[in-house]
Amino acid sequence: MTSQTLVFSLDAQSLERIEQKFQEKVRFAEARKSELFHIFQQGLTEEETWALKYIYAYMPVNDMADYNGDLFLSHVRQALDIRKRVPWGACVPDHLFLHFVLPYRINTENIEDFRGLIYDELAERTTKLSMADAILETNYWCHEKATYIGSDLRTISPLTMIRNARGRCGEESTLAVAALRSIGIPARQVYTPRWAHCDSNHAWVEAWADGQWYYIGACEPEARLNQGWFSPPARRAMLINTRIYADYPGPEDITLSEKGFTEINLLENYAPTRTVCVKVKDEHGEPVPGASVRFELYNSAEFYPIAEISTDAQGEAAFKTGYGDLLIRAVSGGKWSEILFKAQESELVELVLDSSEQPTGITDFDIVPPPEGEGEVVIALPEEKIQIHNRRLEEGAQTRSEYEDTFLGEEEAVSLAKVVGLPSVRVWAILEKARGNSCEIAAFLEECSNSYGEWPLRLLESMNEKDLTDTFRQTLDDHLVGALSQQGSWSEGTFVRYILCPRISYEMLVPYRGVFQNAFSADKAAAFRENPAMLLQMLEQEYEYYEDLPNLKGKGNPIGTFSLMKGDAQSLDILFVAVCRSLGIPARLHPSAQKPQYLSDRGWEDAFSLTSTQTQESTSWGMLQLCRDIKASQDTPEASYFENFSFARLEDGVYKTLIYPYGSADVYSEPYEVEPGVYRLTTGIRLKDGTVKVRFVYFTVNTGDTTEVVLTYRETEVDIPVLGKLVPGSILTRLNGSEVELEELLGSEGAIAAWIEPEREPTKHLLRELCELAEPLDKLGIPIVLMIGDVEWNAAFDPAGYPKLPVRTVFVRDSSYASLSGFISKPAAYEAGYPHLFVLDAQHQIRYLASGYKIGTGKEALQIAAAISQSSNGSE
């Protein structure tokens, strides 16, 4: 055995495979060879060399385009050095180190040199702890740094998360994994792509200690491992998995393994599972190898493929999932087949590829999620440990709140506005969103506004809210100066939206305008402006389409794609739009179809790339006019895109949902501009137990025509049983310290009441929903009483942070939980079961109860309260 075979415990065959893949990447990235691989000319140890080769061997295309070798070398050296420093470094097996400590990427975040910075903060806090306690301590640190808020799909980096002090669950878990890896603890981001019992999804963290994987809720510490508010909903999941950028051998169940990318299925660690086996045959009964089998789950009014598995040589595909319903669709060679798979049916499914045209008419069916399940009985923690934990939560929230107090405030915004001569309301709106990056944004406004007037502010206003937290002056200066030099004669609205605005999709913003303005000769740039199709032709001739990993498509920044001269279809589309805007050509991705377009004298024109199957002649679009259902009952919900309806176009045997803003409700006034083709309209009404009443409506849109489709929903009955009555006599404390009886707050006309935990994600979802429903709740006119226990209260919570709540909302403190007795299994949150939401009638009888995490409870409560009010008014 040579010394080489001992590097990371890899045998000769494994090293040979890594070397082969590494050499493939060297040839692949020839255009950036110097930037990526110059680091191998330095004095590297054998461990550093093989660690770098391992990282490059499995590196996504966009990372090879967007970053330089020095960043990867820094990650490798720090990971190896930290492994020697931490007390458990020698206890972590090499294969876990390679797969769950060494990797620099966690999600789709921008890659930064975070390891040393985070290690310096955590080393002293964790060095004398066991691995298990170090995991808990790291999560307390994460809690000090950030908390939950909903946001857009772009994932910010761990360092931006710390600067911003808040982010969605995918960003919280990215921070927690980065922190754990920074102290040498194997960690991975775990997520359910879509919930089955409600809309949305969730991500958390698994960390390894002393031979076992444990789970934690990122930035939401518990006093012990394997505990979180998401434990009950996870028992109803249909898939829980994690992504690994390598050829990972297991031992976990592998869902997908291709191109050095592995998805492992962890569902059986959380929920009851069964394996569904699908056999795909052609019309002659022969097996179809290589067919794509999609296991689709209803969520957010669409059928989302939680897994897509190719059939083997025998035409078979297997998927381990939960005990809920799925839509299973197989596609190959322009033919497809689809079946509604019910949970109680046989686990063997046979699909015959015999369809090449979509059905007609209307199809109704139910989708039933897995049932609620009981968790394992756990031993109660000692009271002393609970008190220490609660104190740590309070201290962490206070630490974060003190950091947030360092952000620029409204007074500073008003002062800045006076200095630069800009409207103070607009300046404060920008600085407030910038949070921990507010000083950087303020400096940009102060330096540029005297020379460019209102344009620096207009640039900032054109960007997404999240962009303000991680975009710096170099990038802002580039886009401001570069855009204004290309203003031309376009209208102000066109210029701001489609030239000045640097945001195209969900890529990282970089200073690309100067690069592209200097990349072409004056004659060539003028030719591109005269005929943007020539730019497209140049990209087609000189750039290579290369499919990136599934979750990284469209995440490459334009400069990286330009320099590598390769990219996935979406990243190449983004590059086209970025170059157009840099040269003063208005360009965009179509709002719903997400396909590149440029503006000419004839209007918006499609830019068909080398990855498109369409021809230049098929540029005419059609119109879809949704119509109200005049026969709809009063219980029919108001139309809301991605909440209770969506529509999808059939492309290559697969329905692709069109993208419109979530919650869009103005759906009847104007027609939708859509590509010609065949479509499926999906409507769904989710019942309290998570079951969905689904309706498919099939239709066709022809070029230049307007197709009218009536938006209909299935009939449902609202069940309003009497579940009991709140115990009278409960004394609560107003936030000003005065006491008040619960009955006085509830009034005599019905009410909504909830016991909440403001720092936790489930409660934040409820508060968000109540804000969104303020108008109908105000119209209903009933009080909304939100109660917070002493344990759940923390210094960081400020009701003023929710100014859009209904006007009759009141927050109170409740230390006794007497009113909860008999309705909740334990007075405090059992398995982190907050919020506990009630709807009460005029007699204070409970007519609706929901506990724990579930998207949509606010709307359910409104529906019940409105029905009670209507019934009461009708009986008078």
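Reader: Which residues form the negative surface patch?
Author: Glu410, Glu411, Glu412, Glu432 and Glu465 form it. Patch residues have over 30% relative accessible area and no salt bridge, with like charges joined within 9 Å. Areas come from the Shrake-Rupley method with a 1.4 Å probe. Asp and Glu count as negative.

Reader: Which helix gives the largest share of the negative patch?
Author: Helix α13, residues 410–420, with three residues. Glu410 lies in that helix. Helices are DSSP runs (H or I, at least four residues), and strands are runs of E, at least two.

Reader: What kind of model is this?
Author: A predicted one, where local features need pLDDT of at least 70, side-chain atom pairs count only at pLDDT 80 or more, and totals for chains, interfaces and linings use all residues. Residues are numbered from 1 along each chain as its sequence is written, and side-chain values use heavy atoms, leaving out hydrogens and water.

Reader: Salt bridges next. How many does a search of the whole structure find?
Author: 58. Each is a side-chain nitrogen of Lys or Arg within 4 Å of a carboxyl oxygen of Asp or Glu. Asp366 and Lys693 make one, at 3.1 Å, N to O.

Reader: Where do Asp366 and Lys693 lie?
Author: Asp366 is in strand β16 (362–367) and Lys693 in β27 (692–701).

Reader: What is the strand order in the open sheet of three strands?
Author: β12-β9-β15, with mixed pairing. Strands pair if DSSP finds at least two bridges between them. β12 and β15 each have a single partner, so one side of each lacks a neighbour in the sheet.

Reader: How many bridges join β9 to β12?
Author: Six, and the two run antiparallel. Thr275 stands opposite Lys320 in β12.

How values were computed:
Patches are made of residues with over 30% relative accessible area and no salt bridge: like charges are joined within 9 Å, nonpolar side chains (Val, Leu, Ile, Met, Phe, Trp, Tyr) within 5 Å. The place of a charge is taken as NZ of Lys, CZ of Arg, CG of Asp or CD of Glu.
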